Amino acid sequence: MYQVLENRIRETLAQFLRERYGIDVSIATSRPPKTDLGEIATPVCFELARRLRRAPRQLAEEIAPLLPPIPGVERWTVAGGGYLNAYLDRAAFFRDASLAGAAARAPHPEAPKIVVEHTNINPNKAAHIGHLRNAVLGDTFVRLLRHTGHRVEVQNYIDNTGVQVADVVVGFLHLENRRVEDVRQLAAQPKFDFYCWDLYARVTQFFEEDPARVELRNRTLKAIEEGYGIEAELAELIATAIVRCHLRTMERIGVEYDLLPRESEILRLKFWDAAFALLQQRGAVVYATSGKNAGCWVMPLSEADEATAAPEAKILVRSNGTVTYVGKDIAYQLWKFGLLDRDFAYRRFHTHPSGHTVWITASEAGEPDAPRFGRAAQVFNVIDSRQSYLQNIVAAGLRALGYHEQAERSVHFAYEMVALSPRCAEELGYPLSEEERRRAHVEVSGRRGTGVKADDLLDRLEARARAEVDARHPDDPDAERAARAHAIAVSALRYYLLKYARNTVVAFDFKDALSFEGETGPYCQYAVVRARNIFRKWAAQPTHSATAADGRLEVSLTPEQAARFLAPPEGNEFWELVLLAGSLDAAVEAAVVAQEPAFVAKYAFQLAQAFNNFYHRHHILTEADAARQAFLLMLTSLAMQQLEAALVLLGIEAPEKM
RNA sequence: GCGCCCGUAGCUCAGUUGGAUAGAGCGUCUGCCUUCUAAGCAGAGGGUCGGGGGUUCGAGUCCCUCCGGGCGCGCCA
């Protein structure tokens with residue numbers, strides 16, 4: 001609702017200034033520090049003052065009385081050195097916000113498609129907290145985009161033919177001397193991803209002990225890429241089993257996908273050949289005949305500099321003819337935009353708990369009723385910021401092909417890594433040097449098997465939540481308590497990963513992550529539960545049960561009464577809650593524009609905090625004045641609805657009881 | 001060496017195209033449960049926004065510079 005008012009004010013003001021002063025200026029708006037000063041302010045007169053060479057305060061005083069009426073705006077004042085401050089019609093805002101609710105905008109079926117690629121875990125070991133941050137950020141951003149009416153396709157890229165899978169294959173074959181059948185049995189076990197986590201770390205050690213063993217990896221990788229022998233068979237087996245483990249893990253926190261594109265198909269269907277032909281055709285790659293890159297196909301990244309003699313270039317095809325990761329990524333990015341003259345075949349792979357189907361790519365025999373994947377108008381790649389160099393090269397590749405618009409619309413949705421706080425690393429038994437102990441954080445290494453596994457963390461969160469739930473509601477059915485503990489655990493985890501801005505390194509710490517108090521997901525859920533309790537008890541009163549049976553709040557309150565309860569000064573505290581509750585749309589829009597899901601997390605917490613404060617000060621069920629009680633109920637309803645909606649966008653569900 | 005990011009309260013972090021008196025959580029201390037659930041609320045204390053210079057009506061925010069820290073820069077992915 002707030003955003004609607006903001007837009008009205010911006011448009012009206014811009015038009016007014018154009019007509020009266022002949023000036024085109026973008027109108028910035030902000031929230032005044034206190035509601036005494038109004039609800040929406042603009043410093044536009046300062047900008048105007050510069051252009052017209054007049055005093056800002058004088059201009060503001062001249063403009064304020066002349067502004068045309070704006071629906072929802074009661075009056076204007078001039079404040080400070082020349083702010084124009086709008087005072088909203090409180091009762092109208094309350095009514096409109098309550099009526100508008102928090103419904104998502106329906107996407108147009110023909111709207112341009114946005115592809116969001118996230119998760120992308122190497123299918124050779126269990127997921128860890130770093131992967132959780134990726135998935136939670138990506139998933140939340142997808143929810144925000146869909147809520148604002150965008151058509152979104154979620155892709156989770158599976159690098160099933162890479163070095164990491166090859167290493168685990170080497171582990172099974174040469175470290176453990178397993179046969180395919182042995183591995184097949186292991187892969188059917190529930191914690192196969194944990195098994196591979198340890199094996200992968202052992203393989204890393206195995207290579208370090210004797211560098212000559214790397215040859216094993218190279219042979220294995222080649223067999224996997226070309227798809228022959230026991231190695232390829234094992235790689236397929238392992239990667240598919242691990243992908244299923246990852247999907248299970250992500251389903252625990254409410255993350256779902258549309259498509260799993262696999263590297264094996266990019267190879268088999270010769271996506272690279274098509275991309276390479278394009279790159280050659282348009283002169284975007286050159287064959288190096290001399291220098292350190294002799295024998296390779298490279299993409300020049302800068303003009304040859306006479307001073308340095310060696311222009312910057314990225315190798316796309318190695319001298320042995322194999323394609324680098326970036327090369328394959330360029331091909332994949334081209335496919336996402338529908339710029340590659342080929343497509344995958346698709347098969348159903350899995351059904352999420354919601355009933356949604358996840359598709360996987362195939363090289364042949366696709367199912368005929370598969371949706372049309374790819375052909376995006378915009379692509380977000382959720383990848384940690386350590387890969388920004390490579391993401392830039394992918395975009396440079398598109399530009400080199402002349403696809404400037406698609407390069408612009410290739411967004412690296414970057415976020416900083418999740419490391420461990422030194423305390424946490426020591427808790428986990430990793431030895432630290434004196435120097436590391438003084439650091440803000442220490443990096444984990446999947447290669448060495450250090451880090452916090454996603455499922456372990458979730459188990460701990462659920463156990464902790466379960467203990468809290470059991471202490472409060474020992475007599476409730478077991479299944480209900482388990483479901484609530486799960487909802488609380490998910491909320492704690494998702495909020496913890498979403499409250500940090502993307503460019504903040506998260507120094508993971510069990511104490512913070514396992515907390516259910518203060519700025520946490522459970523705190524936000526608790527506010528919703530408190531509101532629900534009020535309605536449950538209110539509806540249980542004999543005189544109300546009839547009206548509340550359909551879940552809708554039916555109380556009688558005239559606009560005049562609402563206006564009276566919201567009037568300053570006594571009504572200010574209510575008005576501030578109304579205003580905040582009515583600002584979800586503005587928070588979501590800001591989050592989408594800035595690509596920063598943390599904005600919505602912060603908003604949810606603020607609203608929960610404001611509601612808890614209100615809850616504490618006003619006892620609704622014992623309110624004697626019927627009109628006042630009706631008002632308080634409506635206010636509670638508004639705050640609850642908006643908070644619930646904000647939480648759903650964060651992937652958090654409030655349980656009935658806590 | 002080059003590139004990107006960060007430096008705000010004891011700790012962890014917000015601070016939306018530059019805007020009004022810089023905020024929150026945790027921790028510390030003090031109060032509040034016969035009340036709609038205390039996973040809560042209220043209060044106290046805590047700041048040269050890393051240092052210096054500049055831009056302007058106005059800088060935590062933009063520019064320059066220095067200091068400190070993180071991450072990249074491979075015929076790995």
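Ala, Val, Leu, Ile, Met, Phe, Trp, Tyr, Cys and Pro are counted here as nonpolar, Asp, Glu, Lys and Arg as charged, and the others, Gly among them, as polar. By these classes, the lining of the largest pocket comprises 14 nonpolar, 18 polar and 13 charged residues. The structure is a predicted model, in which local features need pLDDT of at least 70 and side-chain atom pairs count only at pLDDT 80 or more, while totals for chains, interfaces and linings use all residues. Residues are numbered from 1 along each chain as its sequence is written, chains are lettered from A and ligands numbered from 1 in the order in which they are written, and side-chain values use heavy atoms, with hydrogens and water left out.

A pocket is an open set of points on a 1 Å grid over the protein atoms alone, where a 1.4 Å probe fits, with protein on both sides within 12 Å along at least five of seven lines; lining residues have an atom within 4 Å of a point. The largest pocket has a volume of about 1400 Å³, a volume being the space filled by probe spheres set on the points. Of its 45 lining residues, Asn 122, Asp 159, Gln 164, Tyr 325 and Gln 387 lie nearest the centre. Helix H9 supplies the largest share of the lining, 4 residues; helices (H or I, at least four residues) and strands (E, at least two) are DSSP runs, numbered from the N terminus. Elements that each supply at least two residues include helix H5 (129-147) and strand S12 (378-384).

The largest nonpolar core holds 147 residues, and Phe 93 and Phe 508 touch the most other members. Such a core is a set of buried Ala, Val, Leu, Ile, Met, Phe, Trp, Tyr and Cys residues joined through side-chain atoms within 4.5 Å; buried means under 20% relative accessible area, exposed over 50%, and partly exposed in between (1.4 Å probe, protein chains only). Beyond its neighbours within four places in sequence, Phe 93 is in contact (heavy atoms within 4.5 Å) with residues including Met 1, Leu 88 and Trp 575.

Chain A is divided into domain 1 (2-88), domain 2 (420-514) and domain 3 (521-649), with bounds from an automatic or database domain assignment. The centres of domain 2 and domain 3, taken over C-alpha atoms, are separated by 31 Å, and 10 residues of domain 2 are in contact with 12 residues of domain 3.

Gly 518 lies in the loop between helix H20 (510-513) and helix H21 (521-540). Gly 518 is partly exposed, with a relative accessible area of 37%. Not counting residues up to four places away in sequence, Gly 518 touches Tyr 523 and Phe 605.
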